[in-house]
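User: Please pick one part of this model and look at it closely. I would like a single connected account.

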Amino acid sequence: MQENSVIYRPNLLNGANDSGFPRAIGSTRLGEFSLNYYDRDTQWKYLLGGLRLLGSSPEKPGGEGFGYDRFDLASFDTIRTSLHDYYVLNESRLQALRERNIYNNSLELMHADTGAMIEEAMRAETNTAPNPTLARAQRTLALALAEHVYTPLRGIIDDMVKAVVILLLLTIPFAFAMERLVFNFTLITRQIAGFAGFFLGTFGVLYFVHPAFRLASTPMVIFLAFVIILLSGIVVYLIMNKFRDEVKSMQGMGSTVHSREAHRATAMAAVLIGVSGMRNRPLKTGLTAITVVLLTFTILVFASFTSKMGVRTTYRDRGAGVENRIEIHKHTLLSVEKEVRESLTALYGDRYHLTARNGVFYDITKNLWNQVNFERDLVLRNPTGNRLVQIEAIVGLMPGEVERVATLRALLPGFGAEKTPSPPLYLSKACARDLRVAPGQEVLFQHKRFTFAGFFDASRLQMAENLDGSKVLPPNYKKTVQQNALNASGDNAMDSALNNLDNNSFAWATADLTAIAPYDSLVDVEHVVNFITLLPKSPTENVGRTAERIARAFNYPVYAKDDAGIFQYFYTKTYSGSGMRDILIPLLIGGLIIFSSLLGSIVDREREIFTFSALGLSPPNVAALFFAESGVYAVIGGVGGYLVSQVVVKFLTLLASFGFMTAPEMNFSSFSSVFTILIVMTTIILSTIYPAVKAGRSANPGVNRAWKMPAPKNGKLSFKFPFTVSTQDFAGIISFLHEHFDNHADVAVGEFTVRDFRLTNKVVSGGKLERADIEAEVSLAPFDLGIGQHFRLSVVPTDLAGIDEVQVDLEKHSGTTTSWVRANRDFIDDLRNQFLIWRSLPAESVAKYRTQTEALA
Amino acid sequence: MSKLDKELEEFRNVMQVPDSFEDGFKLSSFVGTLFIALVMIPGTLYMELVAGMGVGAAAQWVTVILFIEVVKRMNQKLSRAQIFLLFYMAGAITAQSVHGTPLFTQFLVRSEAAISSGISTLIPSWVAPIDPAAYAGRTFFRPEWIPVLALIAFKMLMSRVDNMVLSFGLFRVTNDIERLPFPLAPIGAQGVMALAEDLEERKDEQSHLRWRIFAIGGALGMVFGFLYMGWPTLTGALFGKPYSILPIPFTDFTPYTKNVLPAVATGLSFDLGQFILGMVMPFFAMVGTFIGLIVTFVANPLLYKFHVLRTWQPGQTTVETLFNNNIDLYFSLTIGISLAVAAFGIIQLVRHARSKDPDAMPVSEVHVKARGNMPGKFIVFFYFISMIVYILVCGWLIHWHKGVMVVLLFFGFIYTPLFSYVTARLEGLAGQVVEIPFITQIAFILSGYQGVAIWFLPIPKANYGMMTVFYKQAELTGTSFWSIWKADFFLFPIIILSVVCFSSFIWGIAEIPSGMYPYAQQIWDFEARNACLVYSSTLGEYSQFYEALSGVKVAIGFGLGMLMFAALSVVGAPILLIYGVVRGLNQTLPHVVIPQILGALVGRYYFAKRFGSMKWRTWVPILSAGYFCGAGLVATFCIGIVFLTKASSKLPF
């Protein structure tokens, strides 16, 4: 399997259908060549790294591929072809977006620059004095620019697909809310039909106005997947609910009347009541909904969170005493592509001194097998004394850089002016001592002879830094990996793992174990060119501008020092929220509209709230009612506003196509637009918090929202519940609680178990039991704490005839007082819930329980 | 009463056939069918191309449960017959696969495998047109595709009608005359019953229990389905590499047991579904299967030692081992044993016909009439007409090649009726299907035909015995057979139109296979190569199938089978045991037999003792139905997510 490390599978596609070739196609990279093996003459396309060889034409931007004609292949210019294909493909995609009124200025500008560079390259070739080197350099940089257009352009389409998925998700609550508000059908079939109608209608509008459906076919497929997930999800939920009910039933708590499901159902009912309540005030609801829709529309028009590609400039340092220059290197200080160096020389050689650094060191991202041998060979030898010293690196510098950069000049005075029989080599004193060499003596490195030219100050070298704060010394990658516990298999994985480290996380080579030699002397040993410096020839040269231009084509940060200081130039995605300040006021207004509307409805609906409260809606349920209302406004406003925006743009574009006006540049199709509507929706929901809390409070005026149990006295707890019951009702409640306690008899599950349930102090009238106290022995969970108590529930008449208060008396039998009080919170809460549930029971159930009680006489 | 009769009787009593039968085909069923066709057919086709998995049986449950929920909220009821029919129609629709559409053939004819082997030009235009113009717009709505679509429609129509009529005939024989128990029929039927009872008043503890058991099975299926299938599916989609908690589909020990058990496929399936299936299956059928497996464990090393199993090589996997053993011995032996099963069935049939046992008497004519009936003469007449139509169409397509005509006659008038009947009996007794592997390939090779068109013919080879279980389920749920036939009548146009339209739509999205359809891109070339390898066997080249067929081995198989039947009958062994042994010897995947026998033992010696034999026998099919429903739902949910994640990366460059 050794071959696997050198033979890899490229992205070679069948030109006919853009699918990979079925059988493994070996591709061996030998130097600059790729060898691909295939048994038939089929058109091919090649995608690898920054190359896209597609055979594109304006008619077929995706290309038709290339044949295997050996003469064509012999003269195949990969850079020229890839640049052409990128350009044609980018143009077709940008055009598709332009046709849908979507413009991304940064990409358009960069695309135009690519075109200009292609023209310049052509001019360089066709001039009276042709300059093929310059033409190739132009194309290389143009190719890098084209790739920088291509990648985000694909992202824009993906971004639209994501936006559609979110919109489809929002379409579900939108369709639900619209059906409830507009029709409020009672029959389930009509409800489904209404929901489906709104859903399909919304989907239809999106389908016709959203460009994602035209640029990619997947939204339809996503919709399908979405429906399948939704349907299966509903059924999973239904079955799991059944299962839970059955388990409860097996545990003896099967009577759903007593379960908290009923309580949950009440909460759901609160939501539905909230929506229904909106229907009762059609004018107010309609106007508020229209306001929110228009608000969303306004905000979408004013604000756009656009992501654009561009060079971000960051100030690093004042750089006092540092020469003006541009430094280009990867963050990892690994190899910089040859094409970059060549292109920079051709393009900027007339205005800058271009120098490079190379080095001989252990590159952990390369093939391990080579590195094992390589590390062993990283040894300097003194041939006369036959001494060996294992070093960590040799740094190769160009005299031009040493001469112009003060730090290096101070480190290596006279570098490049030596008159030695073989290339000069500089060592630290410690290294020279170990090697036992004196200046002028010969030193061997692998097969190469050097002359020991002198010492350098190891501490100075250790301190010497580049513009970005990295060291002049190369990193010791092996130590870096160990130090940061990096665990990555494969060259690319290790490369990206190293790339994620900051400068301080790198372990640098030891200066004492590093040698310095001229750049040229290392080119015939296995070396890595990893650093390029551009030193301006003229002090008036605009270094920053050049650095910015280079950064656009380079995938890593470029550092430059000019008169203003040291700057980092990095080509990346930048988000800008244009009009953010403009939308703050509309957002505030929108939030306040909802706020005042809901706050006003508390006053309007005070009686309604009391009624709901009396019917069993708890304060949180009343608050939920308000949240449901604002949720509906949020969904209708968000989705409705979005649909209005899209339809308006479509309409304006249509008018523009007839020449009535110029179509405005508005892109509502990206994910950032969806993000905008999510902000609007969040604002609406947030503005509900206060009204909802206030409504919750007014549901139970004068009483703490969370009722608190009083403190125990001498192992006894006595209190009255914060509500009253009618004397007539209490008869039914006795049997209702009896049934509930029966479910907990002798079953050590749930929050408590009950023994010895009995009725005392019976009041019988006409042979029917009218009233009694309930007494029982109760054990509370957690049962291993052994908490036991005597329970007594009775009614106490109030001043109002026929209205009683509920008195509870608890007496601890066993367990610690603290745990007894804590455990009672759940028990009492459960008991209170039973009273709430009792109020939501249908009349026939109440009658049934009353009859049961009467029979207990 | 012998053990045999006891167990058969238990199965007979699991569900009682109701007194009345209802027409289950209503407007709601039809709406349900349209709904499934619109959502599930494109979903299942697309998913197969993208993820290699369809929505399958879970879609049936999704449809039925959603419908029941809606109906419940309407305060209305769906009868058992309606639910059963909806279930059936959902199953018929979601059973569609891309291989039943022209999507695969359009690829095959242009595949590297077909072109390089020269098969591409031999594929007839009624399979896939050769003209490149037919592929230009990636649509099937072109004149060149008419013959292809017509043939697909013909196959679909004939198979539906055949299944409807001829399976009914077999059901009449095995159910009404032979009174076989159909042990697996209650699985589907009990599930439907449980769902139906959710709509009904819970009259008694029994009906309440049905739902409880179904829900427990469903939850079990969901939890296990998530761990077994869902987790690897989701991790594969989200992280690019599936992480399996348990090996799927089994862990293969064969390469490691090469010295201890040469030529024996060893391994273990961790699928809980197999364990549950073992509890459902008749106990003695499972014991028989296990015995059959043990026999192969003992016999195969000896057969390898004596060079009967020659092709197997140490280190081979389960699939390779089974394939090689089939070629060397089991292919011919299975034909012989299957013939013995058929012969034994016929003997039993004759015995039953003479029997005066009241249990073996045919059911009443009133019952048959209420259930829905076709006259026996009509069935026989239809059978002859159907086979003749098949043979005439095939003959016309193949230019009346004499050898092929003989093969067609063999399939139409010998193989199909014989094996359909054998299967119907096995289904009726042990819930098993019998097929002779590679019989089609052998017959085609022996026909002397030179070319590849023969492989695409709508030959009259089918196994109508399998659908007898479905009729039994319909009977148990009180579904009038007429409503089934009516549903089939409405289903056919919906299915054919949906399949053609959605196939064309999916092809229109992107070339198939291509980067848009990663599973097809990865696997179809391999499938095309395998297919071309098989097709090349009728191009006059050497074929392994010649080697596989041996008259002597067939005779040995037949002799062994008859001997076994005779011996076991003499000692009074349960009949299910006999069929089980046949199943075990049939080299069915051995890895599932171990969890199945464990399930059977746990069911019989723990649960049956705890709950009572009869109760357990009634409950376990419901548990099983719930389990497979739950597992399928989780799988569908996870596949939907895979679908979503794969669909969001679409541009190849």
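Analyst: The largest cavity has a volume of about 100 Å³. The model is predicted, so local features need pLDDT of at least 70 and side-chain atom pairs 80 or more, while totals for chains, interfaces and linings use all residues. Residues are numbered from 1 along each chain as its sequence is written, chains are lettered from A and ligands numbered from 1 in the order written, and side-chain values use heavy atoms, without hydrogens or water.

A cavity is a set of points on a 1 Å grid over the protein atoms alone where a 1.4 Å probe fits but cannot get out; lining residues have an atom within 4 Å of a point. Volume is the space filled by probe spheres on those points, joined across faces, edges and corners. The whole structure holds seven cavities of 30 Å³ or more.

The lining of the largest cavity has 14 residues. Val395(A), Val472(A), Leu473(A), Pro474(A) and Asn530(A) lie nearest the centre. By class, the lining has eight nonpolar, four polar and two charged residues. Asp, Glu, Lys and Arg count as charged; Ala, Val, Leu, Ile, Met, Phe, Trp, Tyr, Cys and Pro as nonpolar; the others, Gly among them, as polar.

S9, S12 and S17 each supply at least two lining residues. S9(A) gives the largest share, with four residues. Strands (E, at least two residues) and helices (H or I, at least four) are DSSP runs numbered from the N terminus.

Now follow S9(A), residues 352-361.

Next, another set of strands in chain A. S10(A), residues 379-382, is joined to S11(A), residues 387-390, by four antiparallel bridges. Two bridges join S10(A) to S14(A), residues 442-445, again antiparallel. Leu380(A) takes part in both pairings: its partner is Val389(A) in S11(A), and Phe445(A) in S14(A).

Some backbone details of chain A follow. Most residues other than glycine have a negative phi, and most peptide bonds are trans. Leu333(A) has a positive phi, near 60°. Leu333(A) sits in the loop between S8 (325-328) and H10 (338-348). Its relative accessibility is 3%, so Leu333(A) counts as buried. Asn714(A) also has a positive phi, about 50°. Its loop runs between H23 (689-698) and S20 (716-726). Asn714(A) is at 78% relative accessibility and therefore counts as exposed. The Ala781(A) to Pro782(A) peptide bond is cis, with omega near -5°. Pro782(A) lies in the loop between S22 (768-780) and S23 (787-797).

Last, the setting. Chain A has 26 helices and 24 strands. Of its 857 residues, 50% are buried. Chain B has 24 helices and two strands. Of its 653 residues, 59% are buried.

Key:
On a 1 Å grid over the protein atoms alone, a cavity is a set of points where a 1.4 Å probe fits but cannot get out, and a pocket is an open set with protein on both sides within 12 Å along at least five of seven lines; lining residues have an atom within 4 Å of a point. Two strands pair if DSSP finds at least two bridges between them. Buried means under 20% relative accessible area, exposed over 50%, partly exposed in between (1.4 Å probe, protein chains only).
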